[in-house]
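Subject: Structure handover

Hi there,

Here is the structure I promised to pass on to you. Have a look at it first, and then read on for what turned up.

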Amino acid sequence: MHITAHLDVEMIAVETDDQVSLMIELSAPPAPADGVRAPNTLQVVLDRSGSMHGGRLDGAKTALAALVDRLDPRDNFGLVVFDNRVDVPVPADRLTDKAAAKRAIAGLRTGGNTDLSGGYLRGLQEARRVTGGSGATVLLISDGHANAGVTDPDALSRVAAEAYAHGVTTSTLGFGLGYDERIMSALARGGSGNEHFAEEPDTATALIAGEVEGLLAQTAQAASLHVRLTPAVRGVLVVNELPSNAVGDGLLIELGGFYAEETRKLVLTFDVPAVAALGLTEVATLTFTYVELPALVQHTVTVPVHVNVVPGDQAAGRVPDPVVRTELVYLRAQQAKRRASDLLNKGDSAAALREIRQARQDIADARDDAPESLAADLAEEAATLDYLERETEHGSASRAGKYMSASSQRRLQKRGRKDSGSPLDEGEK
C-alpha cells in the first residue's frame, strides 16, 4: 500500500491563526501474480415485498443467479429475504452446492409489507455466523419505504457502524423511485460500504455484478487512518465525511476495503492556532493500517505532516497548491448534493436548487485554475449538476434526490472509484 500527502500551503504566518488542508492519496497493492485470492463472505438481504413484483424481482433473481456463478465454492454466500416476515432461503455457508442456491433463488415470490430492519438484522446474524475473523459484506436490496420494524435512519446507521467495527461491511442498492434513500444512505455510510441507485432492472443487475467484482478483487481489508494531532493543532475536519471516531490523541478514520490498484483521495483540514515560534512545526502524524489479502498480514505505514512557520510578509506570498484546493471544491460540491437530497426529502425544492446552483457555480469558478489532472472530474461534475438542476426543476425530484444521495456518498467515501449506474451514463448529458 502506498500513501502520499500534499498540503495546500507549505507555510503559515507566525503568531497568526490559520487553516491548512491536506490531501491524502492511498493506492492499494496489485492482485497477486498467482491469481490466488482469499475466500470471501457475501450475505444478500433482498426485499420481496409486494412492490418488487414483476420486473424488479425477476431482475434481482437473474443478478443473484449470476452472482452465484461468479463466486468460488470456497466463498461463503447467504440469502435472507423479507417482507412483513423474514426467511432464510439460503443459509450462509460455503458455496459448494451452487445448483441448490440457484433453485432457492428461482423459487422466490413477492409478499406483503417491508420490514427492512428485520431482514437486515437477520442478514447480519448470518454473516457473523460464518465469517470468523476474515470479514464479510452484506448487500441490502430494497425498492420500498420501510413500514415495519425499526425505521429510524440514525438508529440503523449505528447498527451498521457497530457491525463494521466487527468486520461486516454494509452496501445498499435502492431499486426504483419508491425507496427511502435516507435509510439506505445511512446504512451504507454507517457500514462503510457503497450506496447504489438503480431505476431499471438492467442497471440493478450491473450494479450487483459490480459490487461482487469489487469484493472479489480486494487486496486490502480493514483499512483505517489514525490522525494523531500535535499540541500545535486545535482540531481537524474530515472533508470526505468518512466514518470516524475521536480517540485520545486525535481521530481514527475508517476506510474499509480496497480492490487491486485502487487509488482513493481524502482531504483533512487542520485548525492551527497562532504558533509563536518560527521554523518547521509538526501538525500531525498519519498512521495507515490495513490487512493485506490473501495473506491476511497486517501492515502499518506512518507519515509525519509538517508546516513551516515563517514571518507574515513571507507567508503573504505563498501560492496554494491547485490540486489540493481543487479537490476541496470538488468534495464540497458533494456535500452540497447531500444537503440538496435531504432538502428534497423534506419537500423544499427551492432550497435544494439553491444548493445545486451554488455548487455548480463553485465548480465553474474552479475550472479555470484547475490542474489538467482534475479537469475531467470537474467537467463530469458540472454535467451532473446541470442534470440534477433540470431534473429537480422540471423532472422527478425523487429521482434527483436518490441520485444525489448515492453520488455524493460514493464520491465522499470512495473518492477515486468510478461511478456506475448514473443517469448520465445513459445519454442524459
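Let me start with helix H5, residues 181-190: 8 of its 10 residues are buried, so the rest of the structure largely encloses this helix. The buried ones are Glu181, Ile183, Met184, Ser185, Ala186, Leu187, Ala188 and Gly190. Please keep in mind that this is a predicted model. The N-terminal end of H5 is capped by Asp180, which places a side-chain oxygen 2.9 Å from the backbone nitrogen of Arg182. After H5 comes Ser192, with a positive phi near 55°.

Next, the sheet. It is an open one of 6 strands, in the order S6-S5-S4-S7-S8-S9, and the pairing is mixed. At its edges are strand S6 (86-94) and strand S9 (192-198), each of which pairs on one side only. On average, neighbouring strands of this sheet are turned by 10° against each other, with direction ignored. Within the sheet, strand S7 (residues 136-142) runs parallel to strand S8 (residues 168-175), and the two pair over 7 bridges. If you want a landmark there, Ala136 stands opposite Val168 in S8.

Two helices pack on this sheet. Helix H3 (residues 116-131) touches strand S4 (41-47), strand S5 (76-82), S6, S7 and S8, and its direction makes about 20° with that of S6. Helix H4 (residues 153-165) touches S8 and S9, and its direction makes about 140° with that of S8.

His196 lies in strand S9, and with a relative accessible area of 8% it is buried. Which side chain does His196 join in a polar contact of 2.8 Å? The partner is Glu211. Apart from neighbours within four places in sequence, His196 is in contact with Thr172, Leu173, Gly174, Tyr179, Leu207, Glu211, Ala406 and Arg410.

Finally, the chain as a whole. It has 11 helices and 16 strands, and buried residues make up 54% of its 429 residues. The radius of gyration is 22 Å, which agrees with the value near 22 Å for a compact globule of 429 residues. Along its principal axes, the C-alpha trace spans about 75 × 55 × 35 Å. Of the contacts between residues at least 6 apart in sequence, 76% join residues at least 24 apart.

Best wishes

Note on methods: Residues numbered from 1 in each chain as written. Predicted model: local features only at pLDDT ≥ 70, side-chain atom pairs only at ≥ 80, totals over all residues. Heavy atoms only, no water. Pairing = 2+ DSSP bridges. Helix = DSSP H or I, 4+ residues; strand = E, 2+ residues; numbered from the N terminus. Axes fitted to C-alpha atoms, helices over the stretch in contact; angles between N-to-C directions. Contact = heavy atoms within 4.5 Å. Buried < 20%, exposed > 50% of the residue type's maximum accessible area, 1.4 Å probe, protein only. Polar contact = N/O pair within 3.5 Å; in protein donor to acceptor, adjacent residues only side chain to side chain. Rg over C-alpha atoms; globule rule 2.2 N^0.38 Å.
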